[in-house]
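Please read these notes with the structure open beside you.

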Amino acid sequence: MKAIGKLVITLVILTSWVTAGAQRTPYKIWYDAPAEYWEEALPIGNGRIGGMVFGNPVNERIQLNEETVWAGSPYQNHNKDTYAALPELRRLIFEGYYAEAQELAGKKMMSQVGNEMPYQTVGSLNIHFPQHEGYSDYYRDLDIDNAISTTRYKVNGVEYQQEAFASLTDQLVVVRITASSSNAISCDLSFNTPMRDPKRSSSARNKLRLEGMSHDSKFFPGKVHYCADLQVSNSGGQITAASDTLLQVRNANTLTLYISMATNFVNYKEISANPYKRNNEYLKNASKNYVKAKAAHIAAYKKLYDRVELNLGETPQLQKPMDVRIKEFATSYDPHLVALYFQFGRYLLISCSQPGGQPANLQGIWNARTNPPWNGNYTTNINAEMNYWPAELTNLVETHEPFLKMVEEMAESGRAAASEMYGCRGWVMHHNSDLWRMAGAVDYAYCGVWPTSNAWLCQHLWEHYLYSGDVAFLAKAYPIMKSASEFFVDFLVEDPNTGYLVVTPSNSPENAPRQWKGKANLFAGITMDNQLVTDLFSNTTKAAQLLNLDAAFSDTLTTMRRRLPPMQVGQYGQLQEWFIDWDTPNDHHRHISHLWGLYPGYQISPYRTPILFEGARNTLIQRGDPSTGWSMGWKVCFWARMLDGDHAYMLIKNQLTYVSPEIQKGQGGGTYPNLFDAHPPFQIDGNFGCTAGIAEMLMQSHDGAVHLLPALPSEWKNGSIKGLRTRGGFEIEEMKWANGKLVSAQIKSTIGGNLRLRTHTQLASVKEAKEENNNAFFNYQEVLRPMISERAPLKGVELLPYYMYDIATQPGEVIEVAVQ
C-alpha cells in the first residue's frame with residue numbers, strides 16, 4: 001500500500017508551547033464515603049444493561065437496569081378524530097381564537113388511550129457483609145478511563161476491594177470481591193425490586209433469580225417479561241442457598257458475582273423472545289478467567305473512549321473528593337474537572353448506547369423507579385436529540401446507531417398517524433415517544449400538539465452523512481427524509497393573513513407568549529417549525545441531488561421552502577419566537593426553541609447572517625443564564641456558536657454547581673454529587689449537552705469551514721485535544737494551544753476533498769481562500785434574509801478577525817499545522 005505523506009503548513013507565532021500536563025492524572029470520580037442516595041452512586045453500563053454502585057461496606061447495593069424493561073406492550077395512540085377537526089382548528093388559529101383552538105385540540109387531537117409508558121427498573125442486588133460496621137480507610141471511585149468502579153476499605157486490619165463493571169464483551173454485570181487475608185469474605189446475597197409481583201427463586205446453591213412482568217397502564221397490559229440471574233463463583237469457603245431468596249457466602253478468599261439480565265422484547269412490535277434462554281447464553285461467559293474478561297472489557301471500551309483526549313491542565317483540586325470539587329468549582333481553578341466532565345459525558349454515552357440496542361432515554365439506562373420523572377421517555381422536542389449531540393463530534397459514531405435505528409422505526413410507526421390524523425403522506429411524530437414507538441400526541445395540547453419532531457430526527461440522518469461522507473448510508477436514509485418531507489408537502493397550509501405556508505396547529509415547545517400564558521400555546525408560523533422544515537427540505541433536496549434522484553420532487557421542496565415565513569428580528573432586537581412580535585425580555589423560559597437555527601442547526605451565522613446572529617445573541621441575553629440542567633447544556637452550545645468562550649465557560653461553571661441529592665424538583669440546574677445532571681431531578685441530556693458544548697468551544701465545522709479554537713475561554717490558556725471529528729470527513733488528530741492561541745494541529749482527511757480552515761492566527765506558506773470557493777459538504781442554502789422590526793435596537797456584533805484557507809486532500813492524508 002502506498003504511504004501517504006504529510007503536508008506541512010507553517011504558522012508564524014512568536015510564543016512557545018507550554019504543555020497543559022504531558023502526563024495527565026487519570027480521570028477518576030472518587031469519594032471518601034459510601035453513597036447514601038442514588039445520585040451519589042456510580043453508573044456502570046454496556047449499552048444494554050446497567051448498574052448503580054453504592055459502595056457500602058456493610059449493605060452494598062447495586063441497582064440494576066435492562067434497557068427494554070418498560071411498562072405496557074405494543075400499541076399505537078394517534079387520535080383519528082383529528083382529521084375531521086383540523087379545518088376548524090386552523091380556522092380558529094387564523095382568526096385569533098387561540099384559546100378556543102387549544103380547547104378543541106385537547107378534545108380532538110390528544111391520545112385517547114393514555115400517555116407514554118414509563119421506563120422501569122429491574123431491581124437491586126444486595127450484598128450484606130456481617131461485622132463490617134467498623135470499616136476504615138474508605139475509598140471508592142469510577143475510573144472513566146477504564147470503565148471500572150472500585151471500592152476499598154479496611155476492617156480489623158483486612159483490606160477489602162470490590163471491582164464492578166458492565167462488560168461490553170460478555171453482556172454481564174461483573175462484581176469481584178477480594179480480601180488481603182484468606183477466608184475473610186462472608187456475605188449474604190439477595191435481590192429486591194419495587195416492581196409488581198416479583199418472583200424469586202434459586203435453582204442451585206450458587207444461583208438466584210429475580211423475574212416479573214412490567215406494569216400495566218390503564219389501557220394496555222404490561223407484557224415485558226424481565227429476568228435477572230445471579231451466578232456466584234468463589235475461591236475458598238462455601239456458598240449455600242439459605243432459601244429461594246438468599247445465598248450465603250462464608251469464609252471465601254475471592255468472590256465473583258455474574259449478573260445477567262434479559263427480557264422477551266424483540267422489537268417495538270414483537271415481544272416473543274425467551275429471557276431464560278438469553279440469560280443462559282450470557283452466563284456461559286461466566287466461565288472465563290476474570291483477569292482476561294476484565295481486560296477484554298477494558299479493551300472494547302478504550303477502543304471508543306481513547307479516540308478523544310482533552311487536556312486543560314491540572315491543579316491540586318484533583319486531590320479532593322468529587323463532591324468537594326463540585327462545591328468548590330466556582331471559587332477555585334480546576335481545569336482538570338472540566339476535562340473530566342467532558343469525558344464523563346462520553347463515558348455515559350458509551351455506557352448507555354451501543355449498536356443493536358435501544359437509544360439513551362431521559363435517564364440513559366439508569367433508573368431505580370417504576371415511574372421515573374417524565375416517564376424516562378424519548379422526549380423529541382429536544383431531549384432525545386440532545387443525548388446524541390456528542391456522538392459524531394466526539395468520535396463515538398457507533399453510539400449514534402441506536403438513535404438512527406429508532407428514527408427508522410419511528411418513520412414506520414408514524415405513517416399511520418400521518419395518514420389517519422392529518423390525511424397526509426409520509427410520517428409524523430409528536431413530542432414524546434417510548435419503547436413502543438407510538439406516534440400520537442400525548443400529555444397536554446399545549447405541548448403535545450407538535451408535529452415537527454420528524455424534521456429534527458431527520459437532521460441526525462443528514463449529520464451522520466456530513467461527518468462520514470457515507471453515500472451508502474445516505475441512500476438508506478434518503479427514503480426516511482423524503483417521507484418526512486412528503487408529510488410537510490401535504491401538511492403545510494397557506495396562512496390567509498400572510499400568504500406564507502405554515503405549520504399549524506403547533507407550539508413553540510412548552511412556551512407561550514406572555515398574554516397567552518396558561519390559555520393558549522397553539523399558533524401558526526412558529527419560528528422553530530419554520531427552521532426545522534427549512535432544514536428538512538434543504539437537506540432532502542441536497543441528498544436527492546447527491547443520489548441523482550427525484551428532481552421534480554426536489555423542485556417542489558425548493559419552491560415550498562421559499563414560501564415559508566422568514567426569521568424575524570423584533571422590537572427588542574430579539575429573534576422572534578412567534579410570527580407575531582409577542583416576545584418579552586422578561587421571558588426566561590427553559591426552552592429557547594427559536595434558536596434551533598443557531599444550534600444544533602446552522603441557519604444563523606456570524607458571517608452569513610449577521611442580523612439574525614445579533615438577534616439570537618439578544619435573545620440569549622434576555623433569556624438569561626439560570627435554567628434547568630439540560631437547558632444550561634444547550635446554552636453552553638449556544639454561546640459557543642456565539643463565539644463567546646468566556647460566556648460559554650460561565651455556563652459550565654453554573655452547571656457545575658453542587659445540588660444536594662435531596663433536591664428532586666426545581667428549575668435551577670446544577671450537578672449531583674455523582675456528576676449526573678440535575679434538572680432537578682436527574683436528566684442525562686444535560687451531561688451530553690455540556691460535552692458537546694465543550695467540543696464546540698474548541699472546534700466547529702458547521703459554518704463553511706473547520707474553525708479551530710472558535711470560542712476558547714480566557715481561562716483555558718494552555719491545552720490540547722485530539723480526536724474530534726468534523727463535517728466533511730476530517731479528524732483533528734491533535735491540536736495544541738498556548739497563551740490562548742493556536743500552536744499546532746494535525747488534521748486527517750478520511751475521505752479526501754477540500755479542507756477549508758478558519759483560524760484566528762495567520763498561516764504562512766498557504767494561499768488564503770476566496771469566500772465563495774466552498775466545500776460541497778458545507779453548502780447549506782442561500783443566505784437567509786430576515787424581516788426586521790423598525791424598532792429593533794440593532795448595533796452589530798464585533799467579531800475577531802479570521803483567516804480562511806483551502807487545502808486539497810487525499811483520503812488518509814494528514815495535514816500538519818506547525819510552529820515555524
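The points below start with how the model was made and then turn to its parts.

1. This is a predicted model, in which local features need pLDDT of at least 70, side-chain atom pairs count only at pLDDT 80 or more, and totals for chains, interfaces and linings use all residues. Residues are numbered from 1 along each chain as its sequence is written, and side-chain values use heavy atoms, with hydrogens and water left out.

2. Nine strands form an open sheet in the order β2-β7-β8-β9-β10-β17-β14-β13-β12, and the pairing is antiparallel. At the edges are β2 (28–31) and β12 (199–204), each of which pairs on one side only. On average, neighbouring strands of this sheet are turned by 15° against each other, direction ignored. Strands (E, at least two residues) and helices (H or I, at least four) are DSSP runs, numbered from the N terminus; two strands pair if DSSP finds at least two bridges between them.

3. Within the sheet, β9 (residues 158–166) and β10 (residues 173–179) are joined in the antiparallel sense by seven bridges. Ala164 stands opposite Val175 in β10. Helix α4 (residues 290–305) packs on the sheet and touches β8 (148–155), β9, β10 and β17. The direction of α4 makes about 50° with that of β9. Contact here means heavy atoms within 4.5 Å.

4. Helix α3 (residues 275–283) lies across β13 (207–213), β14 (225–235) and β17 (254–263), and runs at about 145° to β17. Axes are lines fitted to C-alpha atoms, for helices over the stretch in contact, and angles run from 0 to 180 degrees between N-to-C directions.

5. How do α13 and α14 cross? The axes of α13 (residues 527–547) and α14 (residues 551–561) come within 9 Å and cross at roughly 155°. The two helices are therefore roughly antiparallel (under 35 degrees counts as roughly parallel, over 145 as roughly antiparallel, 65 to 115 as roughly perpendicular, the rest as oblique). Residues in this contact include Phe537 and Thr541 of α13 and Phe553 and Leu557 of α14.

6. Helix α18 (residues 685–698) has 14 residues and reaches 20 Å from first to last C-alpha, close to the 20 Å expected at 1.5 Å a residue. Of its 14 residues, 14 are buried, so α18 is largely enclosed by the rest of the structure (buried means under 20% relative accessible area, exposed over 50%, partly exposed in between, with a 1.4 Å probe and protein chains only).

7. The axes of α6 (residues 335–352) and α18 come within 9 Å and cross at roughly 125°, which makes α6 oblique to α18. Among the contact residues are Tyr341 and Phe342 of α6 and Phe688 and Ile694 of α18.

Terms used
The expected span of a helix is 1.5 Å times one less than its number of residues.
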